Amino acid sequence: MAGCGLYGDRYDSERSCANDGATARHPVQQRCAVPLAKQEIAGCLCRFAVGLRVNCDIVVTMRLKIVQVGEAVLRAGARELTREEIRGDEIQRLIRDMRETMHDAPGVGLAAPQVGLPLQLAVIEDREEYLKTIPAEELAEKERMPVPFHVVINPRVEIIGNETVEFFEGCLSLAGFSALVTRGRQVRVCYLDELGEEKSVVASGWYARILQHEIDHLRGTIYIDKMRSRSFTSIENGTRFWKGKSTTEILKELESASNG
Ligand SMILES: [Zn+2]
């Protein structure tokens with residue numbers, strides 16, 4: 001991965017787990033899959049296994065509480081993780097739990113401060129199923145396409161070029177609200193992945209927006225710090241009044257409202 005140069009030694013990605021990928025799934029994992037998805041943890045064998053690593057084939061995930069704006073952790077700077085920490089059980093478990101939490105919300109990104117932890121770690125995934133109900137013109141305008149699940153740790157972001165784009169965005173830590181936010185259209189991000197390996201990505205459009213939003217969380221910044229404040233709306237009213245309208249149309253309406 002060229003162009004980063006942020007991280008020194010490289011992590012040997014060989015897994016320490018002797019059973020990794022070699023054996024069938026443990027029954028606990030199979031029995032947990034459905035109940036977890038339906039929020040029925042109490043009726044599931046999981047309650048005996050949460051927090052325990054019985055052997056390498058048992059993977060149990062928990063949904064975490066997403067903190068809301070006003071919690072100090074959302075305004076504190078998050079600390080970097082070492083490669084050793086990234087490879088350790090605690091962070092690996094956190095990644096699994098954050099993935100489950102993001103899917104359940106649902107959301108396209110979740111940063112560790114949003115689950116109360118001041119760590120420079122975020123998970124991102126924009127699933128194909130989320131895009132199915134969005135009109136093709138809107139997807140094209142926002143340059144939004146599926147992004148596979150990945151983990152971004154200790155990121156450094158650089159805006160490429162001067163082009164900016166303005167769209168409504170929301171945040172799981174400001175549940176129920178949305179506002180227009182201007183973002184760089186294209187970014188380069190250098191980061192460590194879930195194995196502590198150095199990665200670099202050049203992203204455009206909606207993916208670039210997600211990256212900027214999540215990395216802002218790691219610096220104690222929330223989208224309301226950057227929003228066009230007069231566009232701030234409940235999601236219900238955003239759908240009621242702005243759905244299907246372009247940013248240009250919305251800005252014209254906001255302007256005429258403020259002049260009237
Ligand atoms: Zn957010």
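This tour moves through the structure one selection at a time and states what is to be found at each stop.

**The whole chain**

Begin with the entire chain displayed as a cartoon. The model is predicted. Its secondary structure comes to nine helices and eight strands. Of the 260 residues, 26% count as buried. Among contacts between residues at least 6 apart in sequence, 70% join residues at least 24 apart.

**The five-stranded sheet**

Next, select strands S1, S2, S3, S6 and S7. These five strands form an open sheet in the order S1-S2-S3-S6-S7, with antiparallel pairing. Strand S1 (109–111) and strand S7 (198–204) stand at the edges with a single partner strand each, so one side of each is left without a neighbour in the sheet. From one strand to the next, the twist averages 40 degrees.

**Strand S6 and its two partners**

Select residues 186–192, which make up strand S6. How many of the residues of S6 are buried? Five of its seven residues are buried, and the strand is mostly covered. In a regular strand the side chains alternate between the two faces of the sheet.

On one side, S6 is joined to S7 by seven bridges, and the two strands run antiparallel. Two pairs may be displayed here: Gln186 has Ser204 in S7 as its bridge partner, and Arg188 stands opposite Val202 in S7. Five residues lie between the strands in the hairpin of S6 and S7, and Gly196 takes a positive phi near 85 degrees there.

S6 also pairs with S3 in the antiparallel sense, over five bridges. To view one of these positions, select Ile159 together with its bridge partner in S6, Val187.

Which strands does H7 lie across? Helix H7 lies across S1, S2, S3, S6 and S7, and runs at about 160 degrees to S2. An α-helix has 3.6 residues a turn, so residues three or four places apart point the same way.

The length of H7 can be checked in the viewer. At 1.5 Å a residue, its 14 residues should span 20 Å, and the end C-alpha atoms are 21 Å apart, which agrees. H7 is mostly covered, with twelve of its 14 residues buried. Among them are Trp206, Tyr207, Ile210, Leu211 and Ile215, as well as Arg209 and Glu214. Just after this helix, Gly220 takes a positive phi of about 80 degrees.

In soluble globular proteins, nonpolar side chains tend to be buried together. Select Ala122, Val123, Val152, Ile153, Val189 and Leu211 and show their side chains. Of the 34 residues in the largest nonpolar core, these six touch the most other members. H4, S1, S2, S3, S6 and H7 each supply at least two residues of this core, and the largest share, seven residues, comes from H7.

Centre the view on Ala122. Leaving out residues up to four places away in sequence, Ala122 touches Gly109, Leu110, Ala111, Ala112, Val152, Glu214, His217 and Leu218. A second, separate core has seven residues, including Phe168, Ala179, Leu180 and Val181.

Select residues 177–184, strand S5. Six of its eight residues are buried, so S5 is largely enclosed by the rest of the structure. Strand S4 (residues 164–169) pairs with S5 in the antiparallel sense over six bridges, and Val165 stands opposite Arg183 in S5. Strand S8 (residues 233–234) is joined to S5 by two bridges, and the two strands run antiparallel. In S8, Ser234 is the bridge partner of Phe177.

**A final stop: Leu119**

Finally, select Leu119, in the loop between S1 and S2. Is Leu119 buried, partly exposed or exposed? Leu119 is partly exposed, because 19 other C-beta atoms lie within 10 Å, while a buried residue has 20 or more. Apart from neighbours within four places in sequence, Leu119 is in contact with Ala78, Arg79, Leu81 and Ala112. Ile91 is 28 residues from Leu119 along the chain, and their C-alpha atoms are separated by 10.0 Å.

Key. Residues numbered from 1 in each chain as written. Pairing = 2+ DSSP bridges. Helix = DSSP H or I, 4+ residues; strand = E, 2+ residues; numbered from the N terminus. Axes fitted to C-alpha atoms, helices over the stretch in contact; angles between N-to-C directions. Contact = placed C-beta atoms within 7 Å. Expected span 1.5 Å × (residues − 1). Core = buried A, V, L, I, M, F, W, Y, C linked by C-beta atoms within 7 Å.
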